[in-house]
Amino acid sequence: MKKPAALKSACKDFEEDLVLHYYGEGGAAERERVERHVSGCACCRRFVDDLQRLLPRMTESRELPQTFWDNYLRETVAKLAEQEEKKFCWRSLLAPMQSWWLPAFGTVAIALLAFGLVLGKGKLTLFADHSVASLPQEVLADGEQLEFFKSLDMLESLDRLDGREGGRVKPKSNQTSLPKIEWAAA
Amino acid sequence: MKIPTISAWALGLFLLLTADSAFAAADWRNLSPKEKDRIQRNYQRWEKLPPQDKDHLRDEWHRYQRLPQDERDRIKQRYDEDRRRRHND
């Protein structure tokens, strides 16, 4: 396609007036002033010629055939479909599972899990620390209780360690199951 | 559409409940295996104790807690020494 020739430059003072003159703007005196200048200025005359040649081309609309619009629509729809497919490609992996049994399977699995938790009274040991099996949650969750049970041996002999042996009263129980307990003398 | 939504809610609730107990056991997880073993043994002994012995030990614990820090350190040190001595004997 042949490239249209560039617009020739006109006198700086008249450039704007020439465009307005082309569109029929301005009063009679103004038009006469411009025409007088153009008749004596080769640059501005060329500029006016170029305007007359180029400006109508800018406004003309190109009629496109119906086949173009048919193809345009088909291609746009295809591109949108491709984009949509890319976005949800992971769904195609689950395509065979998209029937009624996927939600049904999920519901049954959750129901079984809930039953297991209820019947097992929270003793689900799948991910649990197996060493905590014999300790209740309230002990595990309470740092002070853990410290207490850690110090139990020491507490049993606290009187002696504290130098208060003989000063404290032995508990009433005589059947303690702690062989290591060294109770202070009554 | 309703069933997946309900399933998602149920799963979220389950994770919330299990996360609570998982965070609760953080103190326990920070203990060494030896300390865990000692706590478990002591807890089992505690379970078999008569109530008056439990009361006595609770009182001792509170008394120990009220002691000044340096006193507690001294007691702990004496206890560790005693234990080491008993272990060597």
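Where is A:Leu135 found in chain A?

Good morning. The structure is a predicted model, in which local features need pLDDT of at least 70 and side-chain atom pairs count only at pLDDT 80 or more, while totals for chains, interfaces and linings use all residues. Residues are numbered from 1 along each chain as its sequence is written, and chains are lettered from A and ligands numbered from 1 in the order in which they are written.

Let me begin with the two chains. Chain A holds ten helices and zero strands; helices (H or I, at least four residues) and strands (E, at least two) are DSSP runs, numbered from the N terminus. Chain B has five helices and, again, zero strands. Of the 186 residues of chain A, 13% count as buried, and in chain B buried residues make up 8% of 89. A residue is buried if 20 or more other C-beta atoms lie within 10 Å of its own, exposed if 12 or fewer, and partly exposed in between, with C-beta atoms placed from the backbone. In chain A, 47% of the contacts between residues at least 6 apart in sequence join residues at least 24 apart. Two residues are in contact if their C-beta atoms, placed from the backbone, lie within 7 Å.

I turn now to the helices of chain A. Helix H1 (residues 15-22) and helix H3 (residues 42-59) of chain A have axes that come within 10 Å and cross at roughly 45 degrees. Axes are lines fitted to C-alpha atoms, for helices over the stretch in contact, and angles run from 0 to 180 degrees between N-to-C directions. H1(A) is therefore oblique to H3(A): angles under 35 degrees count as roughly parallel, over 145 as roughly antiparallel, 65 to 115 as roughly perpendicular and the rest as oblique. On the H1(A) side, A:Leu18, A:Val19 and A:Tyr22 meet residues of H3(A) including A:Phe47 and A:Leu51.

Helix H2 (residues 28-40) of chain A reaches 19 Å from its first C-alpha to its last, close to the 18 Å expected at 1.5 Å a residue; the expected span is 1.5 Å times one less than the number of residues. Of the 13 residues of H2(A), one is buried, so this helix lies largely in the open.

How do the chains meet? In total, 36 residues of chain B are in contact with 34 residues of chain A. H3(B) gives the most to the side of chain B that touches chain A, with eleven residues. H8(A) and H3(B) pack at an angle of about 80 degrees, with their axes 8 Å apart, and are therefore roughly perpendicular to each other. Their contact involves A:Leu146, A:Phe149 and A:Lys150 of H8(A) and, on H3(B), residues including B:Tyr43 and B:Trp46.

Finally, to the opening question. A:Leu135 is found in the loop between helix H6 (101-119) and H7 of chain A. A:Leu135 is buried, with 20 other C-beta atoms within 10 Å. Not counting residues up to four places away in sequence, A:Leu135 touches A:Leu140, B:Gln40 and B:Tyr43. Under that exclusion, A:Val139 touches A:Gln145, A:Leu146, A:Phe149 and B:Tyr43.
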